[in-house]
Amino acid sequence: MITRFAGSVRARLTLIASVVMALICLVLNILVLYGVHTAADDYRTNQVISAALRIVHQIKRGTLPAELNTDVDGAQVLNATGQIVSASASLVGKPPITDVVPDADNASRTEIICGVTVFDRDCMVIASFRVYEDDGDWIVYTASGAIPWYVHGWVIAGLTALSLGMVALTAYGTSRTVAKTLAPVDAIRSKLADITATDLGQRVPVPAADDEIHALAQTANSTLDRLEAAVEQQRRFASDASHDLRSPITAMRTQVEEAMLHPDDTDWEETGHALMSSIDRLQAIVTDLLTLAKLDAGAPSQVESIDLASLAAEEMSRRPHGKEVKLDLMPEVVVDGDRLRLIRLLTNLVDNAQRHAASLIEISVRAEGRQAVVEVVDDGAGIDPGQREIVFRRFARLDASRNVDAGGTGLGLPIAREIAKAHGGSLRIEDSARGARFVLRLPLREA
């Protein structure tokens, strides 16, 4: 498809460039033709006038011959009575060229007259001069063919050939230039066509020229990087999810099979409680997976104004505390968000702190500039700086915490971070004197 598109672009640009060049040539040809015609017409007019002036001099000198020798198509001299006293060889025995004479207050007149019977041409440039003689005014006529609009056939042929050559050269140059310009695009297309979901390690070639196609190739490679990372994340997610889902299912199957082998010796109430524990874990994993799916899909949420201090105090009052909880809540720290999702975020952070704290959990809410800051700090073993991002990966649990965190799904902290991102904020683990310090930042509600 991209090849057809590139070919279509090449053909369209070539056609557009050719049409533009043809229009330019047409305008230039009109201007050139006008200039040449004007020059040729002036030359022809001056030729006719010069021929008439030479005859006038001959009359004044008294050397007028009976047959005029001139370089124009025809010449005549009429005496005061209107008789032809001299003419060029082409007009001997023919009537006067025209009856047009100079105005009474002018000695000459030049104009183009069509339909002159004594000439074969359609239109003629005719000059008429008044010569003052003793017996009256004599009239001198000289005539030559008018210049046609195309001046000469060779002029039209030359301009046409030159225009066709320019159009052809423009079409060829545009086609070659566009083909050379789109060659990197074709290379990118070819490489993209080779890349499949099972082979995302390839990258498109980046042209050396620092232009739009260079930027396109870099953007395509960046997109492929993100796609590869997303696919790899999905693979790890699917693998981890299948493993975490398999564990409670396997446990339930083992318990049921063991009970069925010795039904009379089985404590069914104890077996039921064990199965319910596995079912609860399975249900928790499925619920968290659905929550992540909704967050990944950008599902709409109900936005309202929420006082984070009131929200934290209300939630902490509802839940049992296995560890001491210390609250430091600044009032009137208001954000716009989804109440249920923010409750889920805070609950996940507190649950995580409950599992890892030695004896104390500190929760604080405050405003910093244009941000609301929520901190959940425990006095547990803490998290090594190099592993702080790992805990936000889905189904990721640090080796050191697997024993104390055996009941977790491995999705609580990833869900909390996704909720923070959905609200335009961030969730990070920052330095603390002891334990782990989770810091949530959300934009404050604008007044």
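How many bridges join S12 to strand S13, and do they run parallel or antiparallel? I looked this up before anything else. I found 5 bridges between S12 and S13 (residues 437-443), and the two run antiparallel. I keep in mind that this is a predicted model.

**Entry: the pairing**

I picked a residue pair to look at in these strands. Arg428 stands opposite Val439 in S13. I also noted a general point: strands of a sheet pair through backbone hydrogen bonds, either parallel or antiparallel.

**Entry: the whole sheet**

Next I traced the sheet. It is open and has 5 strands, in the order S8-S10-S11-S13-S12. The pairing is mixed. Which strands stand at the edges? I found strand S8 (324-329) and strand S12 (426-430) there. Each has a single partner strand, so one side of each is left without a neighbour in the sheet. I also noted the twist, which averages 15 degrees from one strand to the next.

**Entry: helices on the sheet**

I then looked for helices against these strands. Helix H5 (residues 308-318) lies across S8, strand S10 (360-368) and strand S11 (371-378). H5 runs at about 160 degrees to S8. Helix H7 (residues 412-422) packs on the sheet too, touching S12 and S13. The direction of H7 makes about 130 degrees with that of S12.

**Entry: a closer look at H7**

Which residues of H7 are buried? I listed Leu413, Pro414, Ile415, Ala416, Arg417, Ile419 and Ala420. I noticed an arginine in that list, Arg417. What covers these buried residues? The cover includes H4, helix H6 (339-356), S12 and S13. After H7 comes Gly424, and its phi is positive, near 75 degrees.

**Entry: Asp296**

H4 is part of that cover, and I went there next. Asp296 sits in helix H4 (residues 268-296). Is Asp296 buried or partly exposed? I read a relative accessibility of 45%, so Asp296 counts as partly exposed. Leaving out residues up to four places away in sequence, Asp296 touches Arg394 and Glu418. I also checked Asp296 against Ile419. They are 123 residues apart in sequence, and their C-alpha atoms are 9.9 Å apart in space. Ile419 is one of the buried residues of H7.

**Entry: Thr170**

I moved to another helix. Thr170 lies in helix H2 (residues 153-194). Why does Thr170 count as buried? Its relative accessible area is 17%, and the cut-off for buried is under 20%. Where does its side chain reach? I found the backbone oxygen of Met166 at 2.8 Å. Not counting residues up to four places away in sequence, Thr170 touches Ala17, Ser18 and Met21.

**Entry: the whole protein**

Last, I stepped back. I counted 7 helices and 13 strands in the protein. What is the radius of gyration of the protein? I read 51 Å, but a compact globule of 447 residues would have one near 22 Å. The C-alpha atoms fill a box of roughly 155 × 55 × 35 Å along the principal axes.

I checked burial and surface as well. Buried residues make up 37% of the 447 residues. The protein exposes about 26000 Å², and carbon and sulfur atoms supply 57% of that area.

Terms used
Residues are numbered from 1 along each chain as its sequence is written. This is a predicted model: local features need pLDDT of at least 70, side-chain atom pairs count only at pLDDT 80 or more; totals for chains, interfaces and linings use all residues. Side-chain values use heavy atoms; hydrogens and water are left out. Helices (H or I, at least four residues) and strands (E, at least two) are DSSP runs, numbered from the N terminus. Buried means under 20% relative accessible area, exposed over 50%, partly exposed in between (1.4 Å probe, protein chains only). A polar contact is a pair of N or O atoms within 3.5 Å; within protein, one must be able to donate a hydrogen and the other to accept it, and residues adjacent in sequence count only if both atoms are side-chain atoms. Contact means heavy atoms within 4.5 Å. Two strands pair if DSSP finds at least two bridges between them. Axes are lines fitted to C-alpha atoms, for helices over the stretch in contact, and angles run from 0 to 180 degrees between N-to-C directions. The radius of gyration is taken over C-alpha atoms; the globule rule is 2.2 Å times the number of residues to the power 0.38. Accessible areas come from the Shrake-Rupley method with a 1.4 Å probe; for residues, only the protein chains shown count as cover.
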